[in-house]
Amino acid sequence: MQIRGQYSRLGQRSCCSLYFSTEPFPSWAKALLVLVVLLVVSGGLLFHFRHYFMSVPQVEVDSGVESVQLPFNTTLHLPEDAKVEWMDSGYDKVHVYENGSDQPEEQHQAYRDRTKMNEDLLKTGDLSLTLKYPTDGDNKTYTCTVYSREGNILLKRKVELKVRVPQVEVDSGVDSVQLPCKTTLHLPEDAKVEWKDSNFEKVHVYKNGSDQPEEQHQVYRDRTKMNEDLLKTGDLSLTLKHPTEREAGKYTCTIYSRERKILLKKRVELQFRVPQVEVVTEVKSIQLPCKTTIHLPRDTKVEWMVKSSKKVHVYQNGSDWPEDQDQSYRGRTELRRNLLKTGDLSLTLKYPTDWDTDTYTCTAYNNRKKILIKKEVVLKVKVPQVEVDSGVESVQLPFNTTLHLPEDAKVEWKDKYDTKVHVYENGSDQPEEQDQVYRDQTKMNEDLLKTGDLSLTLKYPTDGDNSTYTCTVYSREGNILLKRKVELKVRVCQVEVEEGAESVQLPFKTTQNLPEDAEVEWWDKFGRYYYDNRKVHVYENGSDQPEEQHQVYRDRTKMNEDLLKTGDLSLTLKHPTERDSGRYRCGVVSKNVLIRYKSVQLKVKGLFIYLIITSGKEVMFFSYYTVCKLNSSKCF
């Protein structure tokens, strides 16, 4: 079937005339024949390479088992001089069988004395591999390959091994935790038991019938314990006292014979549930919990610290030690009375800000500096967010306090770039101190120090004002009395119009009486990079500058008169089309400083109805709107 289109006058009942004719071999039949051939070829390829798409069998065992078998059986007749080679996914040789016997000198040292294959494996076809003392470090994909004497591959099989590591999860601050390791194996009396952490540091060593504290790492001294008669009972579990989150990880228990041969190997993963406290910056105070039931002597020292090793609070010899704490926490922390008797070592932190977001550690020591208890708490202080639409007349960044503020206090608002947004000092605003970007755009309440309402009003906010704003209250001496953050998010202005409209306005209103030397420029983003931007409209030296705008926008844009006085920087775009859809930006520059900025997202909705008009070999596309525009008669 062939479609021939004959161009007709725009405005007749039909734009296209259709003619149908038959061919000796229809095009749909050709397509069907090609499809059948593709199916046959692809089916053959899939069958030929089917072993590449088959899933790899998986073997799963628990850490601590004596051995695991990686299965591989075949019914193929294998020649007597065949070579069998097992390799791991790192291309290390795990086991080699050649010339009728094992070849241990060829295998990687990590697998020495740990692998075994059956006798008469070439006759029986059982090429399975036994791997002793598997751990999660052996989690890999293993490949068994059978070669002929000439080196040709006769057979290949993959097996994936997954060794599960048991997990022990405890709360931060517990007195102790047990890492389990039990076996039913008969262990010789001269066996050695060794626990190591994920950094291969010795946690505990048992040898010659007793513990060997001189061999363990100093971090674990006086903090570990194992059961009596452990070799007889087979209970090799380890008790770790006062564990902290930093000690989370995998611990390995290994039993050796006198000849240093591994008899058993097992891993255990230690995880911590760290309590989290989440608040917003508006709260007066927050409590970081730390409680214990153990007996604390009178001379116990209690120390709260953050990850950076800053001291948050120190309690010693029955009283607080403010001179030892970091200055950023001075006057902001408090511990409960009789804390050593009650065991409640919780910390109260006043006026939290997002800068206080951290991991806090409470540690109690005896007079010999031995740790009695250690607990971690994660604090997350969220910054309150204010969200408004672009185009509102003003937005308020809230900050209220019940604190008594001195009359000579200084209040300062800054944005995330440390630019001064508003300054209140000596009982009045200080506009000369604020950055020119915010001139005439901010306002604070009267009697703010008396009422405690330190909120800031920002006029005509745009997406260019999106920032995190910080209000800081200082004493006359320059000490910080109070600090609060607020995040402002102004949604980008969205404008929609249908294709065919006379014009569309991209709104932008700001404060009146902008500087007379200000330059106003609208531009679009035509490409990926900044140099792809096209100037839509330029206003400079009191008038429009059409010679600077891109040719696409010539004679299509307009701005209001006296725009710097009125603050109405809106742009009118005439005859918008779908191609005009996109993000537009307006910037106001004075003395080489960007003092105002706004984005507008324009969407011109087309009718999405297209006519395909053919004439000979040429094909033309017309939108429905274009056809109606060109044709004076009624559209169809």
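Is Arg491 buried, partly exposed or exposed, and what is its relative accessible area? This is a predicted model. Select Arg491: with 33% relative accessibility, the residue counts as partly exposed.

The side chains of Asp389 and Arg491 form a salt bridge, at 2.6 Å from N to O. Asp389 belongs to strand E28 (residues 385-389) and Arg491 to strand E36 (residues 480-491), so this pair ties together parts 102 residues apart in sequence. Asp389 is partly exposed too, at 43% relative accessibility.

Move on to Arg164 and Asp62. Their closest N and O atoms are 3.0 Å apart, in a salt bridge. Here strand E9 (residues 153-164), which holds Arg164, is linked to strand E1 (residues 58-62), which holds Asp62; the two residues are 102 residues apart. Arg164 has a relative accessible area of 34% and is partly exposed; Asp62, at 41%, is also partly exposed.

Now select Lys350 and Glu334, whose side chains meet in a salt bridge of 3.9 Å, N to O. Lys350 sits in strand E25 (residues 347-350) and Glu334 in strand E24 (residues 333-335), 16 residues apart. Lys350 is partly exposed at 26% relative accessibility, as is Glu334 at 42%.

These pairs are among the 39 salt bridges in the structure. For a group, select Lys192, Glu194, Lys196, Lys202, Lys207 and Glu215: salt bridges with shared partners join them into one network.

Lys370 lies in the loop between strand E26 (358-365) and strand E27 (371-382), and is partly exposed, with a relative accessible area of 39%.

Methods
Residues numbered from 1 in each chain as written. Predicted model: local features only at pLDDT ≥ 70, side-chain atom pairs only at ≥ 80, totals over all residues. Heavy atoms only, no water. Helix = DSSP H or I, 4+ residues; strand = E, 2+ residues; numbered from the N terminus. Buried < 20%, exposed > 50% of the residue type's maximum accessible area, 1.4 Å probe, protein only. Salt bridge = Lys/Arg side-chain N within 4 Å of Asp/Glu carboxyl O.
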